[in-house]
Amino acid sequence: MNAIVKPKTSTSSSVAISSYRDQHFKGSRTEQERLLLQSCTLYIGNLTFFTTEEQIHELFSRCGDIKRIVMGLDKVKKTPCGFCFVEYYAREEAENAMRYVNGTRLDDRIIRTDWDTGFKEGRQYGRGKSGGQVRDEYRSDFDEGRGGYGKIVQSKIRPRESF
């Protein structure tokens, strides 16, 4: 009798692939799913604009050997804008980061990790109209770690005239 051997897949919810999909992915959904299941690259979100690459390395290297870190940048100012990509050498190390680092605090913020299909040049830049992340365009709350109010709110606030 021949047994069907299924490839080893993670069933732990901490390493499961989220329902979010990069809308700018060049390829089919099937191809995107395949790449996510094999990827060693993580997208890290909800960082402050002041979090350094060294801090990212210190935290994520606890889960395995890091191949590279690519900090997210405002496409106009070329300053950090609250996200990065962390690429590991092995899938197991990336899974450890998903298990143990996702949802932890860094620079007094709860960071979010998610699978990424793999970094490609150009993806390090924010996609918002003003150069940063889209979510920072529309944010109406004050967030000191992410530059104050959202860009749309900032444009409506007029400085008080001095007398």
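Arginine 34 is partly exposed, because its relative accessibility is 37%; the term covers values between the limits for buried (under 20% relative accessible area) and exposed (over 50%), taken with a 1.4 Å probe on protein chains only. Its side chain meets that of glutamate 31 in a salt bridge, with N to O at 2.7 Å. A salt bridge here is a side-chain nitrogen of Lys or Arg within 4 Å of a carboxyl oxygen of Asp or Glu. Glutamate 31 also counts as partly exposed, at 30% relative accessibility. Both residues belong to helix 1 (residues 29–38), where they are 3 residues apart, about one turn of the helix. Helices (H or I, at least four residues) and strands (E, at least two) are DSSP runs, numbered from the N terminus.

The model is predicted, so local features need pLDDT of at least 70 and side-chain atom pairs count only at pLDDT 80 or more, whereas totals for chains, interfaces and linings use all residues. Residues are numbered from 1 along each chain as its sequence is written, and side-chain values use heavy atoms, with hydrogens and water left out.

**Salt bridges**

Side chains of opposite charge can pair when their charged atoms come close. The structure holds 7 salt bridges, including those in the table.

| Glutamate 31 | Arginine 34 | 2.7 Å |

Glutamate 87 is buried, at a relative accessible area of 16%, whereas lysine 67 is partly exposed at 47%. Through salt bridges that share partners, Lys67, Arg68 and Glu87 join into one network.

**The sheet and its helices**

Strands of a sheet pair through backbone hydrogen bonds, either parallel or antiparallel. In this model, 4 strands form an open sheet in the order 2-3-1-6, with antiparallel pairing; two strands are said to pair if DSSP finds at least two bridges between them. Strand 2 and strand 6 (112–116) are the edge strands, each pairing on one side only. From one strand to the next, the twist averages 25 degrees.

Strand 2 and strand 3 pair in the antiparallel sense over 6 bridges. Arginine 68 stands opposite glutamate 87 in strand 3, and methionine 71 stands opposite cysteine 84 in strand 3. The hairpin of these strands has 6 residues between them, and there lysine 78 takes a positive phi near 60 degrees.

Helix 2 lies across strand 1, strand 2, strand 3 and strand 6, and runs at about 140 degrees to strand 2. Helix 3 lies across strand 1, strand 3 and strand 6, at about 150 degrees to strand 6. For such angles, axes are lines fitted to C-alpha atoms, for helices over the stretch in contact (heavy atoms within 4.5 Å); the angles run from 0 to 180 degrees between N-to-C directions.

Arginine 99 is placed in helix 3 and is partly exposed at 32% relative accessibility. Arginine 99 and valine 15 are 84 residues apart in sequence, yet their C-alpha atoms are 6.0 Å apart in space.

**Nonpolar cores**

A nonpolar core is a set of buried Ala, Val, Leu, Ile, Met, Phe, Trp, Tyr and Cys residues joined through side-chain atoms within 4.5 Å. The largest has 22 residues, and those with the most contacts inside it are Leu42, Ile44, Ile56, Phe60, Val86, Tyr88 and Ile111. At least two residues of this core come from each of strand 1 (41–45), helix 2 (53–60), strand 2, strand 3 and helix 3 (91–100). Leaving aside neighbours within four places in sequence, isoleucine 56 is in contact with residues including Ile69, Met71, Cys84 and Val86. Another core, of 7 residues, lies apart from the largest one and has Phe49, Val70, Phe85 and Phe119 among its members.

**A buried threonine**

Threonine 48 lies in the loop between strand 1 and helix 2 and is buried, with a relative accessible area of 7%. Its side chain reaches the backbone nitrogen of phenylalanine 50 at 3.0 Å. The side chain of threonine 48 also makes a polar contact with the side chain of aspartate 107, at 3.4 Å. A polar contact is a pair of N or O atoms within 3.5 Å; within protein, one must be able to donate a hydrogen and the other to accept it, and residues adjacent in sequence count only if both atoms are side-chain atoms.
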